[in-house]
Amino acid sequence: MFLVVDCDLKKLKIWSFQESRKGLSVKFFTEDLDELTDVANLQRYIYKISGRVNIKAISFRILFGGDYFKKAELVNSSFLRKFEKLTEFFPFYIPTMSALLKKFLKIFKQIPLIAFFETAFFTKLPNEERYYALPFEYHKKIGIKKWGFHGIFHEANAQILPHNYKIISIVIENRSLYAQFQEINHFQLA
Amino acid sequence: MKSNNKQINILVLNCGSSSLKYKVISMPKEEILITGEAQRVGIKTENASTITHIISGKKKVIKSPLANHSTALKKIFNLINQEKNIKFDIIAHRYVHPGNYFNRPVRVTKSVLTKLKKTLPLAPIHNPIVYNLIKFCHKEFTFKNQYAVFDTSFHKTIPPKYSTYALPGELIKKYGLRRIGFHGLSHRYVMEEACRFLKRNKSTQRIISCHLGTGGSSICAIREGKSVNNSMGFTPLEGLMMNTRCGDIDLGIVFYIMFKEFLSPDEAENILNKKSGVLGIFNTSSDLRDVIKNINNDKQAKMVFNMYVRRVKAYIGFYSLILKKADILIFTDSLGVEEPILRKEICENMELLGIKLDERKNYSYCGKIADISSPDSEVRILVIPTNEEIMIAREVYRELKKNVSRC
């Protein structure tokens, strides 16, 4: 079984992926973060989801990775030190996510925990696309630049097709956004 | 005016954010008696401020510090007054943003001034300057015949699907929030000139007009002689990156900067209007011409240039879609006319949209209206020096004739 974990400031959302003879079964679970304040509660909740099946890996959807995280990374203590440096950008989200990751690390010492970032796919945007026409000190001092979001969706879309394809990828949820790719090097993002 | 065809000399003042163009135009013949421009007014650049004054083909260039537009105008009046045989009857001002108060030229009266005063925050770079110039003219010369001509009138035809912002309806209604559009005088002038030059009827043409100035810049999509979209919005802050204006940015940044830097709304507005754009990134100058001089040996200059070009290309692409491909692409105003490398980079890899530049024609362009497109380009690419002053004089003269008819 694999788990995919997503969380906002209030809810923990988990998808479980279990392969069997019948095929892949996907289940969705959600719980208030308030109910999972300590490690023991979280452990009970996860075991309720997985039953007696072994969990092979857990991945996390993380909204923001700044310039530190340009690809998916294993969650460990050095990862967390870097991750917490991003707190100033998202002062509520980063500490919440960091606390959750620490709990998972305590429970699942032997299972790979992997963080996927919504912004990683856009770290190679050309500078002329990334920077805004604002005083340059803001880019250096407080990190004002186009970070991009929905990168996990767009990267998945880009990987469906061969690398020499030029793609316009559209994600429509409550907000909409599009990205254009050229050989998987995206060059413009709304 | 007692007769509909009486000759009248109009001093047109066309105030940009960093320039002051002026012309004394004899109407209705449209004869230019005096022309000139104060450049690099009130800004930090590598070169000195100048006034170029031309009369009967004789050109005088005066280098002089021009701390603000009033100083420039005083010097311009001194130059004009030296010409004993030329007097002007009316002063006509280009006024950028009249809010929802005016959509046609208006004679400045006390009540008009009161209304104009209310519009100052709408275009904080332009409106206060012109408002002060109108007051200055009135005070210095007790000059009563002053007209304000508006840059927004041409964009009245932008359809709601492009002029409506995704904001709460009550706010839209209460404050008249919509895409108003700017540089209308220039876009209209070059549109008419392009059709005249190519001998085409404007009612059949789809045109993208790029007004690229050293101060403000905007792009306009024109169908059948009418504006259907403009890159500037409710204020001239939206759209392209400009000399000191940021143009399109993520609005979330504004709140973020205000929070991080403890900025008041006024301070934030000042940064977005006066400390951003080319100046914000390049730092030593707000003039893209200074950037272009350094693009081969300065990484930052290269990036600023690329940022500028990308934004222009994005709008040309968008407007090509709106128009279902353009027939004519126009470059105008100082950067559009003077910088072949800018036109070259903007037109690069635009064959998909039918845009193909002839490099030789582009680099050999000198001064007048010219077609610089490759013979196999589907879109005719024209360079047209703008002449907002003629448009302003025409509009004022039309207004005067209407008033005479009413009498």
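Domain bounds here come from an automatic or database domain assignment. Domain 1 (8-157) and domain 2 (193-383) of chain B both contribute residues to the lining of the second largest pocket, so this pocket lies between them. The model is predicted: local features need pLDDT of at least 70, side-chain atom pairs count only at pLDDT 80 or more, and totals for chains, interfaces and linings use all residues. Residues are numbered from 1 along each chain as its sequence is written, and chains are lettered from A in the order in which they are written.

The second largest pocket has a volume of about 820 Å³. A pocket is an open set of points on a 1 Å grid over the protein atoms alone, where a 1.4 Å probe fits, with protein on both sides within 12 Å along at least five of seven lines; lining residues have an atom within 4 Å of a point. The volume is the space filled by probe spheres set on the points, which are joined across faces, edges and corners. The lining comprises 36 residues; among those closest to the centre are Lys21(B), Glu37(B) and Asp333(B). Strand 3 of chain B gives the largest share, five residues. Strands are DSSP runs (E, at least two residues), numbered from the N terminus.

A separate topic is the sheet. Six strands of chain B form an open sheet in the order 11-10-9-12-14-13, with mixed pairing. Two strands pair if DSSP finds at least two bridges between them. Strand 12 (residues 328-332) and strand 14 (residues 380-383) of chain B run parallel, joined by four bridges. Ile330(B) stands opposite Leu382(B) in strand 14 of chain B.

Key. Heavy atoms only, no water.
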